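Here is a short briefing on one protein chain. Keep the sequence and the 3D view open as you read.

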Amino acid sequence: MAIYISQGRYTREAIQGMLNKPEDRGQAVKALCDAVGAKLIGHYITFGEYDFLVILESDRPVTDTMAALFTAGATGGVTDLKTTMAVTSKDAMKAMEKAKSVMKSFRPAGQKA
């Protein structure tokens, strides 16, 4: 399973709606993740450049993660979505070992073999 971290901003209209009728958006985000087949790990309201951060888990990034992002973006309530895939250090070690073996046969551009 892969971990995806998404950040975004609420539109002014969404913020006005939440002030007029406060609600726990984490519940809505969980329902969205469930609907597309992803698992919500965490939902946070954040300070700074972005208004929220969502961490979800999925083994199908296109059908699950992208579907959730398309759905959220299409509502018009969020903007500037940015998603990063997170990898465990254990999985990164596997990639390092693989890269180590591939490096023996790879040459940089402009250099002779």
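The points below go from the overall layout to single contacts. The model is predicted. The protein chain has four helices and four strands. Its radius of gyration is 19 Å, well over the 13 Å that the globule rule gives for 113 residues, so the chain is more spread out than a compact globule.

**Overall layout**

- Read from the N terminus, the elements follow the order β-α-α-β-β-α-β-α.
- Along the principal axes, the C-alpha atoms fill a box of roughly 65 × 30 × 25 Å.
- Of the 113 residues in the protein chain, 27% are buried.

**The aromatic pair**

- The count of aromatic pairs comes to one.
- Its members are Tyr10 and Phe52, with ring centres 4.9 Å apart.
- Tyr10 belongs to strand E1 (residues 2-10), while Phe52 belongs to strand E3 (residues 52-58).
- These two residues are 42 apart in sequence, so the pair ties together separate parts of the chain.
- Both Tyr10 and Phe52 are buried.

**Arg9 and its partners**

- Arg9 has its charged end over the ring of Tyr50, 4.8 Å from the ring centre.
- Arg9 also forms a salt bridge with Asp80, where the closest N and O atoms are 2.6 Å apart.
- This bridge links distant parts of the chain: Arg9 is in strand E1 and Asp80 in strand E4, 71 residues apart.
- Is Arg9 buried or partly exposed? Its relative accessibility is 24%, so Arg9 counts as partly exposed.
- Salt bridges with shared partners join Arg9, Glu49 and Asp80 into one network.

**A closer look at Asp80**

- Asp80 sits in strand E4 (residues 78-86).
- Its phi is positive, about 55°, although Asp80 is not a glycine.
- Asp80 has a relative accessible area of 41%, so this residue is partly exposed.

**Other salt bridges**

- How many salt bridges does a search of the whole structure find? The search finds six.
- One of them pairs Arg60 with Asp64, with the closest N and O atoms 3.1 Å apart.
- Arg60 counts as partly exposed, at 43% relative accessibility.
- Asp64, at 1% relative accessibility, counts as buried, because buried means under 20%.
- Another bridge joins Asp91 and Lys94, with the closest N and O atoms 3.6 Å apart.
- Asp91 and Lys94 are three residues apart in helix H4 (residues 89-102), so about one helical turn separates them.
- Asp91 has a relative accessible area of 36% and is partly exposed.
- Lys94 reaches 53% relative accessibility, so Lys94 counts as exposed.

**A nonpolar surface patch**

- Which residues form a nonpolar patch on the surface? They are Val62, Met66 and Phe70.
- Together these residues have about 330 Å² of accessible area.
- Met66 lies in helix H3 (residues 61-74).
- With a relative accessible area of 39%, Met66 is partly exposed.

Notes
Residues are numbered from 1 along each chain as its sequence is written. This is a predicted model: local features need pLDDT of at least 70, side-chain atom pairs count only at pLDDT 80 or more; totals for chains, interfaces and linings use all residues. Side-chain values use heavy atoms; hydrogens and water are left out. Patches are made of residues with over 30% relative accessible area and no salt bridge: like charges are joined within 9 Å, nonpolar side chains (Val, Leu, Ile, Met, Phe, Trp, Tyr) within 5 Å. Accessible areas come from the Shrake-Rupley method with a 1.4 Å probe; for residues, only the protein chains shown count as cover. A salt bridge is a side-chain nitrogen of Lys or Arg within 4 Å of a carboxyl oxygen of Asp or Glu. Buried means under 20% relative accessible area, exposed over 50%, partly exposed in between (1.4 Å probe, protein chains only). Rings of Phe, Tyr and Trp (its six-membered ring) pair if their centres lie within 6.5 Å; planes under 30 degrees apart count as stacked, over 60 as edge-to-face and the rest as tilted. A charge sits over a ring if NZ of Lys or CZ of Arg is within 6 Å of the ring centre and within 35 degrees of the ring normal. The radius of gyration is taken over C-alpha atoms; the globule rule is 2.2 Å times the number of residues to the power 0.38.
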